[in-house]
Amino acid sequence: MTVARTEDNPIRVGVLGARGRMGAEVCRAVEAAEDMEIVAMVDTGDWMFDLADAGAEVVVDFTHPDVVLDNIRFCVDHDIRCVVGTSGFDLAKLDTVRQWLEPKPELGVLVAPNFALGAVLAMRFAQMAARYYASAEIVELHHDRKADAPSGTATHTARLITAARAEAGVDPKPDATTSEVEGARGARLGDVRVHSVRLPGLVAHQEVLFGGDGETLSIRHDSFDRKGFMPGVLLGVRSILNRPGLVVGLESLLDV
Ligand code: NAD
């Protein structure tokens, strides 16, 4: 039986990357949530074992693509569930995490490329539209301190579009480009070209463009403040307590 978590019985949460932009926002959101308490805040140079020593039940990771797999390994080894927002996950990395979880049937890890509800809905809408359009491109725009390109959200969206088209038997339509300056047509992810823009002043934005004869469809989402990710992060923390195995994408926890 699942015991409801309340102020008297809060979920014990640790944060990895606690002094980063997202991590600091997560610490504030967890502190404000009545059914959670923050038990460890860990950043570069801190003692990772604080997470285990403090009895964290769930660790939220917003660190760096180069270290996130080591962090998950540490948590799995210490029987701690994870909610991971750090980007840079390809299918091979997801498979690695899945394998680590196999001998731990009670343990769950959520990896979500985007915790903003609007972004999750936009991805779902793009997935729904994909079968009706042979041409699709993604433009993702982020602040200039982002380490990886394309974004995890763009990679995930391209994957969803490619799979939806394959399932519907729709072949991508080649364009007429025969010569290009390298990169001008973006990176190819599955069937989809992805263009990454990096500028100070931006937070996180994405536009999915579909083209057909005589029409286009644009699906756009804009994150203006990191607060917009927090309801999704808190939902992830609450849900992963009762969701064993690897869960990919916030949409797996929503009825969309
Ligand atoms: P940031 O650079 O502001 O913060 C990262 C923090 O992690 C830093 O404080 C850094 O010192 C710390 N860190 C690095 N290695 C560490 C380690 N081994 N152990 C503990 N802490 C470590 O970056 P940010 O803007 O907060 O973004 C972090 C990650 O989250 C990026 O990969 C970014 O793309 C991703 N992100 C995801 C979402 C989402 O919704 N999934 C939203 C925004 C950002």
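**Close-up 1. The lining of the largest cavity holds six nonpolar residues, six polar residues and one charged residue.** Here Ala, Val, Leu, Ile, Met, Phe, Trp, Tyr, Cys and Pro count as nonpolar, Asp, Glu, Lys and Arg as charged, and the others, Gly among them, as polar. This is a predicted model, in which local features need pLDDT of at least 70, side-chain atom pairs count only at pLDDT 80 or more, and totals for chains, interfaces and linings use all residues. Residues are numbered from 1 along each chain as its sequence is written, and side-chain values use heavy atoms, with hydrogens and water left out. Of the 13 lining residues, Phe89, Val111, Pro113, Gly152 and Arg159 lie nearest the centre of the largest cavity. Helix α6 (residues 152-168) gives the largest share of this lining, four residues; helices (H or I, at least four residues) and strands (E, at least two) are DSSP runs, numbered from the N terminus.

**Close-up 2. The count of cavities of 30 Å³ or more comes to two.** A cavity is a set of points, on a 1 Å grid over the protein atoms alone, where a 1.4 Å probe fits but cannot get out; lining residues have an atom within 4 Å of a point. The largest cavity has a volume of about 120 Å³, where volume means the space filled by probe spheres set on points joined across faces, edges and corners.

**Close-up 3. The ligand is surrounded by 21 residues.** Arg21, Met22, Asp43, Thr44 and Ser87 are the closest; a residue is near if one of its heavy atoms lies within 4 Å. This shell divides into nine nonpolar, eight polar and four charged residues.

Close-up 4. From the backbone, an N or O atom of Gly85 lies 3.0 Å from a nitrogen atom of the ligand, and a polar atom of Ala112 is 3.0 Å from a ligand nitrogen atom. The protein covers 79% of the 860 Å² of accessible area that the ligand has on its own (Shrake-Rupley method, 1.4 Å probe).

Notes
A polar contact is a pair of N or O atoms within 3.5 Å; within protein, one must be able to donate a hydrogen and the other to accept it, and residues adjacent in sequence count only if both atoms are side-chain atoms. On a 1 Å grid over the protein atoms alone, a cavity is a set of points where a 1.4 Å probe fits but cannot get out, and a pocket is an open set with protein on both sides within 12 Å along at least five of seven lines; lining residues have an atom within 4 Å of a point.
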